[in-house]
Amino acid sequence: MLDGLRVLDLTMWRPGPYATLLLAGMGADVLKVEPPGGEPMRAFAGHFGPLNAGKRGIVLDLKDPEGLARFLELAAEADAVVTGFRPGVAERLGIGSARLRAARPSLVTCALTGYGETGPLAGVPGHDVNYRATAAALPPGGLPPDAVDLPLADMAAATTAAFALTAACLRAAKTSEGAHLDIGLADTLAHWVSTAPPALPGGDGIGPVAGYGVYTCADGLRVALGVVSEDHLWRATCTALGLSALAEEPFGARLSRVRELDDQIRQALKALPRDTALERLTKAGAPASAVLDRARMLGHPHFQARGVIAADATGAPGTGSLVPGTSAGPAGPAPGLDEHAGQGWRPR
């Protein structure tokens, strides 16, 4: 769907590369520009490969007049330029939005920064945990020091950037008017959090309603239940777990007895192996799912059937298409360092 869109990608680590990965997966021609020696993320092949699949790569020294000149040539024929520098760095390098768009008014520039390019926190350094903390997006009690957690701010802002950039390029195609997009990682999470009601006090493992949360089974494996207000889902859960006496409790009554009712569900699941519990819950029509680790998720037939997970060049499961049916996902592996030196844009 984005065939012919030209995206110059100067980003590193995760947010920018994931944003341009989404664009590449939709058919955009993404040309990744790395500094001499390459992006530091190359040291982590398990991260770099999936985030940069389907792109082409060149090395340019933007501090060298020749490298800067080549970059400006490419930008003059691009539709979008994505950066991940701290505020002010692009301008110091001579590739600020104003200069690029003066040469090409239809160009869309997108800057991904921690706290955005303006505001009291604009110059403050940080990483995912900082942005989540500032945006009230950490779980109660925060994260333990050894937590290996999905980088929520990185991925959320990257998705926002891909959406905004596509919208801006759509307008530019109609009006020849470009734009500069100032995407703050903390901003996206603050926006998300603002749409949800305040968290209820507690943090003692009890969900907002009975039957909503993660529960441990007899074999130590876990299931997730997603009962909220629907009486039929509550009834199905109770029936499956042998709690028929509770099955007709209306939603209002369940809200007033959360701890008591949730404890009964918890005890019922503790008496069953996970697979037995899932079989009973699924058969009854309850909203239940296994809590999977990454390896089991990659092997799950549902995600493979939808193409979200697809085999990579080695046959191992890897990143497929975010939106099933729109593309085959990233077209090819991540580029080798300076693999496409001397190449320009593909023909439109």
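Arg348 sits out in the open: its relative accessible area is 57%, so it counts as exposed (over 50%, while buried means under 20% and partly exposed is in between, using a 1.4 Å probe and protein chains only). This is a predicted model, where local features need pLDDT of at least 70 and side-chain atom pairs count only at pLDDT 80 or more, while totals for chains, interfaces and linings use all residues. Residues are numbered from 1 along each chain as its sequence is written, and side-chain values use heavy atoms, with hydrogens and water left out.

So who does Arg348 pair up with? Its partner is Asp79, in a salt bridge whose closest N and O atoms are 3.0 Å apart (a salt bridge is a side-chain nitrogen of Lys or Arg within 4 Å of a carboxyl oxygen of Asp or Glu). Asp79 lies in the loop between helix H3 (65-75) and strand S4 (80-83), and Arg348 in the segment after strand S11 (317-319), so the pair ties together parts 269 residues apart in sequence. Helices (H or I, at least four residues) and strands (E, at least two) are DSSP runs, numbered from the N terminus.

Now look at helix H6 (residues 128-134), where Asp128 and Arg132 lie 4 residues apart, about one turn of the helix. Their side chains meet in a salt bridge at 3.8 Å, N to O. Asp128 is buried at 12% relative accessible area, and Arg132 is buried too, at 7%.

Salt bridges can also link up: Asp29, Arg56 and Arg346 form a network of them. The count for the model comes to 16 salt bridges.
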